[in-house]
Amino acid sequence: MELKDFDYELPEDLIAQAPLARRDESRLMILSKETGEIKEKHFYDIIGELEKGDTLVLNDTKVLPARLIGEKEKTKAVMEVLLLKQEKEDEWECLVKPARRIHIGEVISFGNGKLKAECIALGEEGIRHFKFLYQGIFYEILEELGTMPLPPYIHEKLKDKDRYQTVYAKELGSAAAPTAGLHFTRELLERIKEKGVNIVTITLHVGLGTFRPVQEEKIEDHKMHSEFYSVSEETAIVLRKTREQGYRVIAVGTTSTRTLETIYQKYGTYQAGSGWTNIYIYPGKEVKSIDGLITNFHLPKSTLIMLVSAIAGRENILHAYKMAVDHKYRFFSFGDAMFIK
């Protein structure tokens with residue numbers, strides 16, 4: 001398939017620049033993957049779409065304040081560094097702007113030297129590998145000096161940084177939020193539990209793939225970067241029981257989907273495990289690990305619109321997106337939601 005097959009027209013004013021006052025008051029489009037039928041509701045209505053015995057799978061990753069602004073020690077040139085992936089204790093894969101100015105051995109200083117990063121290896125497309133130098137606790141220093149790595153299409157400053165975290169975020173390590181989960185409030189999750197729906201967590205730390213557009217015209221040629229995932233034994237047991245009893249596994253977000261499908265392709269069932277995944281899901285790839293997906297509206301020509309097209313069908317997705325544009329839904333990270341069932 002070609003990249004142009006996943007394009008659609010999106011007016012810029014439909015790109016949400018800030019979250020709504022209440023997380024669960026966003027709009028919710030419900031799409032049948034079998035018939036293409038569409039219903040329009042609000043996110044708090046999701047409880048009516050879930051049945052007792054279903055299992056909701058949440059990604060409990062927590063976003064790092066991973067964007068750092070510093071300067072080269074030699075020239076004092078301003079540099080932007082985005083932490084993507086921890087490789088060893090103090091060694092990280094990072095995205096650097098402007099990367100051409102950073103070579104092996106050069107040092108970037110942040111916060112008047114409170115944190116320093118020495119380049120130890122070069123990567124492709126703006127990637128550099130750094131060893132961080134500091135005294136104290138790294139994550140406390142990062143909390144002080146770093147800012148939330150909001151996507152480039154968001155131009156407004158975030159007033160409350162917790163709004164770029166899910167209410168259940170726990171495992172620190174992501175370079176971006178699993179945004180489908182931003183719609184849930186603690187109260188809504190409690191009501192879902194009270195209905196008899198199981199809620200389990202997995203972890204996938206979102207990395208470079210979120211920031212990299214697809215460049216290849218033939219989508220099959222695109223290369224995904226790897227991200228760390230973890231699934232507990234407790235979660236795997238609940239998921240197996242859900243399927244055995246004839247109920248649905250519903251993923252919250254494409255990150256949860258990619259984690260579950262990685263495990264399912266490896267074992268043919270749900271198993272505990274952790275590791276790195278570069279799974280790439282697009283039309284023609286069958287998704288066996290989930291029965292439904294709660295997600296946001298994704299960028300044109302992105303791997304994420306390809307993933308939802310693999311689940312619901314490209315024509316159904318493009319029709320739904322056209323309706324969303326016509327009905328002035330809010331798009332992307334702080335935008336409205338879709339439930340594919």
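For residue classes, Ala, Val, Leu, Ile, Met, Phe, Trp, Tyr, Cys and Pro count as nonpolar, Asp, Glu, Lys and Arg as charged, and the others, Gly among them, as polar. By that scheme, the lining of the largest cavity divides into four nonpolar, six polar and four charged residues.

What we have here is a predicted model, so local features need pLDDT of at least 70 and side-chain atom pairs count only at pLDDT 80 or more, while totals for chains, interfaces and linings use all residues. Residues are numbered from 1 along each chain as its sequence is written, and side-chain values use heavy atoms, with hydrogens and water left out.

Back to the cavity. A cavity is a set of points, on a 1 Å grid over the protein atoms alone, where a 1.4 Å probe fits but cannot get out; a pocket is an open set with protein on both sides within 12 Å along at least five of seven lines; lining residues have an atom within 4 Å of a point. Points are joined across faces, edges and corners, and the volume is the space filled by probe spheres set on them. The structure holds one cavity of 30 Å³ or more. The largest cavity has a volume of about 110 Å³. Its lining has 14 residues, and P19, R163, L182, H183 and F334 lie nearest the centre.

Next, the second largest pocket, at about 380 Å³. Of its 23 lining residues, D60, K170, V200, T201 and I202 lie nearest the centre. Two or more residues each come from helix 3 (186–194), strand 12 (198–204), strand 13 (227–231) and helix 4 (233–244). Helices (H or I, at least four residues) and strands (E, at least two) are DSSP runs, numbered from the N terminus. Which strand gives the most to this lining? Strand 12 does, with five residues. The lining splits into 10 nonpolar, six polar and seven charged residues.

Now the sheet. Two strands pair if DSSP finds at least two bridges between them. Nine strands form an open, mixed sheet in the order 2-1-17-16-14-3-12-13-15. Strand 2 (38–42) and strand 15 (273–277) are the edges, each pairing on one side only. From one strand to the next the twist averages 25°; angles run from 0 to 180 degrees between N-to-C directions, and axes are lines fitted to C-alpha atoms, for helices over the stretch in contact. Strand 14 (249–252) and strand 16 (292–296) pair in the parallel sense over three bridges, with V252 opposite I294.

Helix 6 packs on this sheet, touching strand 1 (27–31), strand 16 and strand 17 (337–340), and its direction makes about 150° with that of strand 16. Contact means heavy atoms within 4.5 Å. Helix 7 lies across strands 1, 2, 16 and 17, at about 150° to strand 1.

How do the two helices meet? Helix 6 (303–312) and helix 7 (314–326) pack at about 120°, their axes 7 Å apart. That makes helix 6 oblique to helix 7, given that angles under 35 degrees count as roughly parallel, over 145 as roughly antiparallel, 65 to 115 as roughly perpendicular and the rest as oblique. I305, V308, S309 and A312 of helix 6 meet R314, N316, I317, L318 and Y321 of helix 7.

Last, the hairpins. Strand 5 (67–72) and strand 6 (78–86) run antiparallel, joined by five bridges, and I69 stands opposite E80. Five residues separate these strands, and K76 takes a positive phi near 65°. Strand 6 also runs antiparallel to strand 7 (91–97), over six bridges.
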